[in-house]
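Dear colleague,

I am handing over the structure we spoke about, and my notes follow directly below it. Please read them with the coordinates open beside you.

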Amino acid sequence: MYFIGYNRMESLFVLYSFSGVSEPLFYLPVIQQYMAYFRNVIEADILNVKGWAKVYTNGTLLNKDTLLKLKDWGINEIRINPSASGFSPMVYRHIELAAQLLPVVTVEVPSWPPYRDQLFEMLSIIEDCGVHHLDICQVEIMNSSALTRIARALPDAEVYQGYWLMLDDGGMVESLMQNVADNKYSYSVMDCNAFV
């Protein structure tokens with residue numbers, strides 16, 4: 001999937017984003033083929049501009065060989081969600097390895113209230129891993145089945161209407177951001193809630 005747009009200065013930019021319902025790293029040959037097409041046809045032959053490519057992953061399949069392939073194919077950024085593995089120590093090791101090998105490593109996690117303690121513990125760990133950015137998003141509720149499961153897990157949960165229904169995190173994103181600022185961590189924090 002790719003997106004072509006203009007930034008505020010009216011210059012062309014292209015974003016390539018590999019994500020989905022499944023783990024994108026299951027499909028490395030597909031990523032390789034798309035990246036060759038994007039870099040050699042879209043950028044060089046059609047647009048004469050270099051795009052930004054990112055891969056979203058739960059981090060469980062990362063290893064040195066995979067990271068070097070992604071780098072060789074021109075992936076600029078990897079976004080890793082450690083909460084998808086229950087904040088596995090193995091995934092934190094993979095995050096650290098990614099930070100050594102790729103230009104940009106972003107940790108992207110939902111502000112799921114039951115993970116509050118693990119999210120706060122994560123902040124110092126990812127600082128030590130060398131990540132560049134932390135992207136925190138509220139949980140999007142995209143269908144009635146998800147709403148039913150959330151209501152079972154969090155009977156007192158509050159939701160509000162954004163583009164989708166959103167699970168209110170009770171100010172957790174702001175608290176996480178304050179913790180990062182108070183501790184002077186080196187990574188930036190992006191608040192990706194519905195109205196930000």
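Which residue in strand 6 is the bridge partner of Val107? In this model, which is predicted, that partner is Leu134. The pairing belongs to a set of 5 bridges that join strand 5 to strand 6 (residues 133–137), the two strands running parallel. Between them the chain passes from strand 5 through helix 4 (residues 116–129) to strand 6, in a β-α-β crossover that is right-handed.

Strand 5 also pairs with strand 4 (residues 77–80), again in parallel, through 4 bridges, and here Arg79 has Thr106 of strand 5 as its bridge partner. Strand 5 itself, which spans residues 104–110, is mostly covered, with 6 of its 7 residues buried.

Turning to the helices, the axes of helix 4 and helix 6 (residues 172–182) come within 10 Å of each other and cross at roughly 25°. Because angles under 35 degrees count as roughly parallel, helix 4 and helix 6 are therefore roughly parallel to each other, and their crossing is right-handed. On the helix 4 side the contact involves Arg116, Leu119, Phe120 and Leu123, which meet Met172, Ser175, Leu176, Asn179 and Val180 of helix 6.

With best regards

Note on methods:
Residues are numbered from 1 along each chain as its sequence is written. This is a predicted model: local features need pLDDT of at least 70, side-chain atom pairs count only at pLDDT 80 or more; totals for chains, interfaces and linings use all residues. Side-chain values use heavy atoms; hydrogens and water are left out. Buried means under 20% relative accessible area, exposed over 50%, partly exposed in between (1.4 Å probe, protein chains only). Two strands pair if DSSP finds at least two bridges between them. A crossover is right-handed if, with the strands pointing away from the viewer, the path from the first strand over the helix to the second runs clockwise. Axes are lines fitted to C-alpha atoms, for helices over the stretch in contact, and angles run from 0 to 180 degrees between N-to-C directions. Angles under 35 degrees count as roughly parallel, over 145 as roughly antiparallel, 65 to 115 as roughly perpendicular and the rest as oblique. A crossing is left-handed if the near helix is turned anticlockwise from the far one by less than a right angle, and right-handed if clockwise. Contact means heavy atoms within 4.5 Å.
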